[in-house]
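Please look over the model below before reading my notes.

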Amino acid sequence: MSSTTPMSSSPPPPPAASLTERRKAETRMEIARAAAGLFVRQGLRATRAEEIAQAAGIAPRTFYRYFATKEEAIGPLYAVGARRWVDAVRATPAEVPLPQALEDAVRHTLTPGVGVSTASWNWVRTLIRLAEANPALRRVWAEVCRTSERDLTEALMERLTHGQEACVAKSREPYSARSEEAGSARSRKAGSTRSREAGSAQDREACDIPDRDARATSDREACAAPDREAGSSLRQEPSGAGRDNDASRARSAFAAAVASAAVRTAMESWAAGDGPAEGPAGPAQLALDNLAALRDFPWADVTRGG
């Protein structure tokens, strides 16, 4: 979707993982898939860690190098969906209003066949149900949700910073040459009345210069206001900047908690029933309904980048 396509004002991508890190991540995901398959087929209690290791094609000792318990083995599968949701928010250009960025990320992540294949949603439902029924697995699910919330906080802070940078850059842009060319064209079109209009043009120019300066000042002040209120790494006063940045992070963390709860409860509500993953009772629509109920939430006051 166009609204989730990175643009020049989007935060830079994270550095690429090393080959060793990628291999470890792949192994963790292979173990997680093996664990999920066994949990779905034969149940959590009937599955032993040694069976998961065998299904993943690794030794038991290798399994325990990655996970302390069989329940933890499912964590990477929980995390991949949560990470996809945060990445979709992060990839949205800073000039896109935050409510729209959140809704677009939901559509991208929770619509069957877009973020996750339609067939995989049955597994998603089973794994969430298992977390609800088993305290150990519920702790894994809760920790993944908490990590996702922290990651979303960072994504919102990035939107705030890049939104302010874009605002400052815009205030420093010179007026386009098109305005000057248009003025020249009007002067040429004047014909025989040029000398009479020249004086008038000079008067208008004399008035227009302070007007442009006033508008430029207004633009700078518009950027400075959220900077003063929300805090920014662009500010130069160390003592005030630290306090403002703390306040900005606190508000971003609150916004992340609200948005994350809207998505998490939608997923859990859908998983508790037997309805399809698509349609008005699907996870995407439930999450969008939750976010719609938050339309009066002061998103713009929480993150000035949205």
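My points follow, in numbered order.

1. Basis. This is a predicted model, in which local features need pLDDT of at least 70, side-chain atom pairs count only at pLDDT 80 or more, and totals for chains, interfaces and linings use all residues. Residues are numbered from 1 along each chain as its sequence is written, and side-chain values use heavy atoms, with hydrogens and water left out.

2. Helix H4. H4 covers residues 75-91, 17 residues in total. Helices here are DSSP runs (H or I, at least four residues), numbered from the N terminus. From first C-alpha to last, H4 reaches 24 Å, close to the 24 Å expected at 1.5 Å a residue; the expected span is 1.5 Å times one less than the number of residues. Its buried residues include Tyr78, Ala82, Trp85 and Val89 (buried: under 20% relative accessible area, 1.4 Å probe, protein chains only).

3. Core. The largest nonpolar core has 59 residues. Such a core is a set of buried Ala, Val, Leu, Ile, Met, Phe, Trp, Tyr and Cys residues joined through side-chain atoms within 4.5 Å. Phe63, Ile74, Tyr78, Trp85, Val106 and Leu152 touch the most other members. H10 gives the most to this core, 10 residues.

4. Trp85. Leaving aside residues up to four places away in sequence, Trp85 touches Leu102, Ala105, Val106, Thr109, Ser148, Leu152, Ala259, Ser260 and Val263. Contact means heavy atoms within 4.5 Å.

5. Largest pocket. Its volume is about 740 Å³. Pockets are open sets of points on a 1 Å grid over the protein atoms alone, with protein on both sides within 12 Å along at least five of seven lines; lining residues have an atom within 4 Å of a point. A volume is the space filled by probe spheres set on the points. Of the 30 lining residues, Leu77, Tyr78, Val80, Gly81 and Ala82 lie nearest the centre. H4 gives the most to the lining, 7 residues. By class, the lining has 20 nonpolar, 5 polar and 5 charged residues.

6. Cavities. The whole structure holds 2 cavities of 30 Å³ or more (points where a 1.4 Å probe fits but cannot get out). Pro99, Leu102, Glu103, Leu291, Leu294, Arg295 and Trp299 line the largest cavity, with H5 supplying the largest share, 3 residues. The second largest cavity holds about 30 Å³. Ile128, Ala131, Glu132, Arg138, Trp141 and Glu268 line the second largest cavity.

Key: Helix = DSSP H or I, 4+ residues; strand = E, 2+ residues; numbered from the N terminus. Buried < 20%, exposed > 50% of the residue type's maximum accessible area, 1.4 Å probe, protein only. Nonpolar A, V, L, I, M, F, W, Y, C, P; charged D, E, K, R; others polar.
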